[in-house]
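The sequence and structure are shown first.

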Amino acid sequence: MNKAIYIATSEHNSGKSIVTLGLMSMLIGKTAKVGYFRPIIEDFEDGKLDNHIETVISHFGLDIDFEDAFAITKSKLIKKKNKGKIGEVLDLIIEKYKKLEEQFDFVLVEGTSFSGEGTVIELDMNVLIAKNLGIPTIIVGSGVGKTLEELIDSLYLAYDSFKVKDVEVLAVIANKVQPENIDLVTNGLKSNLPKEVLVNAIPIISSLNNPTIKEIVDELGAKVLFGKEFLNNEVGNFSVGAMQLRNYLIHLKENALVITPGDRADIILGALQANESANYPSVSGIVLTGNILPEDSILKLIEGLTSIVPIITVEGGTYSITNKIGNIKSKIYADNTQKIETSINTFEKYVDLDSLSTKLSAFEADGITSKMFQYNLVKRAKKHRKHIVLPEGSDERIIIATSRLLAMDVVDISIIGNKKQIENKVAELGIAFDFSKVKIINPIESENYEDYANTYYELRKNKNVTIRMAKDLMEDVSYFGTMMVYKGHADGMVSGAAHTTQHTILPALQFIKTKPDTCIVSSIFFMCLEDRVSVFGDCAINPNPTAEQLAEIAISSADSSLAFGIEPKIAMLSYSSGSSGKGDEVDKVRKATEIVREKRPDLKIEGPIQYDAAVDMEIGQSKMPNSEVAGQASVLIFPDLNTGNNTYKAVQRETGALAIGPMLQGLNKPVNDLSRGCTVDDIINTVVITAIQAQGL
């Protein structure tokens, strides 16, 4: 079930804060522990906090430290993007969000505000973040300065940007709409958006758009002379006191801000008196320009008044100060409880809270992104720590991967190799490497060498293996590492960076052997595509499996898929879909599909089916309209190694997908094979999935 909501906008000054405050108030009334998270925030000065975060945390009394409530500042994001490191940003956002998700029953996530440098990338970033967090979205847009058609178009464009990436949009809210146009806007949006999307419109509330004296002080760097206790006074309008007092008074309007040079005592005192008079509008404050202070006698007179408004003094001429005040965009901040309460009340009045609450509780994320999948892998591996042996300690990639795994603190590691050579390589590479946390084993010098050789001899003597042969084989790093796993001195092994697949797998087949209910060892790749993770099998081990073996591969792959949090929907791939195709190859796939249905009626499976029909919803439904798998397959079983190996590599290269694996299936204990062209990341990912496999044993 859903544990979060993402608030997004497509433009600056949309009034997103009213939705954040209103939603937070609603959630706190329904949920025991509510968290708040802003993935990207504006840059802030040392000693200050982000205004949005400070306001929400302080007003609602949330138990969250400021540093935990955001991931990255906008300037750092832009630098990362320019270096092509958006993936690192997503990793950080997911990690920080997940910590809050574990701590709270529900998390309100507020997107960026579209201001300053980087605005052009913000909509895409909001979509990308919501997608990778796997949470639904509420889109907020402003009606200010737009025709009805322009408002509807802008909100639909934002909606479509999320939907095209399969991010569920629960609601669209048109904010700052003229009160008389509320029904017109609501009906217009409903006619353009799917009926399942909740649509609401909120009128423009002048008091929320009016800046306070405090905001003017902060923006202008002003000095407060009088009335510090009234800095939250709202400015309804402002005017310059440059004419004679008798003429100026007729221009005063409610909550007026008086702007005048500091030596105009007549305007200052007249404005203060007007504020007291029942015949004139109230005055919110007085701004004294030119850095000129009134004479001491005037200051003394003001000090003696029983009622006063904020009086502030600023540097700069009257004209420039007036323009600056006119450009101030009001924000809601922690001290201004009146604006916060107005926001909450307005949200509750104009948004269908019951329908929104129902949608929030009913939403379930569909699928999982590659970033979220990778994050969950590491999280699961850490939960029940396992010990993995890496037998190819002389390979530079293994040493670098070990260094990073130590920093991640995700598994215990043993390396098979020469310690002195590894120490020299670490020094040459200049990497951090905590030797106290790694066991480095030279087989011939190991205290277990004789025992391992004797064990192998006893297991294989009926295959004409002598004790001398056993000792020779135990000097081989693959055999020694596999024996560590067999004896329980390690939970799993990862090898193949410097050895063939056969060299890695043969020892495992000889004495770790296959599970009792499994007749074949096979492999899968986790294909981490942009918007989903698919399981490909078998792409590494079996050249031309029989129908029975293909069925076994499908069942093992489905079980592996489920074990790693992916709902298995199995597509048995062939060159035809349904019953139309003929020939030995398609008949093999058809027979394998029937075997799976007979052995495991609980599994959703379709076959034979073509690749495009398996993964593309439109094509799948047109070819096989009643299928539970067509168009949404998550486990794709290839008919032979030639097809599988080429397809996974083609998908990897053409789409930029991350291929994690191969992960071997069917063995009693986990041993996994690397490609000799593997990268450091490949090694790390394979170690992590091996550790997770070991948890299930």
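## Charged residues and salt bridges

Glutamate 67 is found in the loop that runs between α2 (51–60) and β3 (70–73). The model is predicted: local features need pLDDT of at least 70, side-chain atom pairs count only at pLDDT 80 or more, and totals for chains, interfaces and linings use all residues. Residues are numbered from 1 along each chain as its sequence is written, and side-chain values use heavy atoms, with hydrogens and water left out.

Glutamate 67 counts as partly exposed because its relative accessibility is 48%; buried means under 20% relative accessible area, exposed over 50%, and partly exposed in between (1.4 Å probe, protein chains only).

The structure holds 29 salt bridges, each defined as a side-chain nitrogen of Lys or Arg within 4 Å of a carboxyl oxygen of Asp or Glu. The table gives examples.

| Pair | N to O distance |
|---|---|
| Glutamate 110 – lysine 16 | 2.8 Å |
| Arginine 38 – aspartate 50 | 3.1 Å |
| Aspartate 409 – arginine 385 | 2.9 Å |

A network of salt bridges links Arg385, Asp409 and Asp412.

Key: Helix = DSSP H or I, 4+ residues; strand = E, 2+ residues; numbered from the N terminus.
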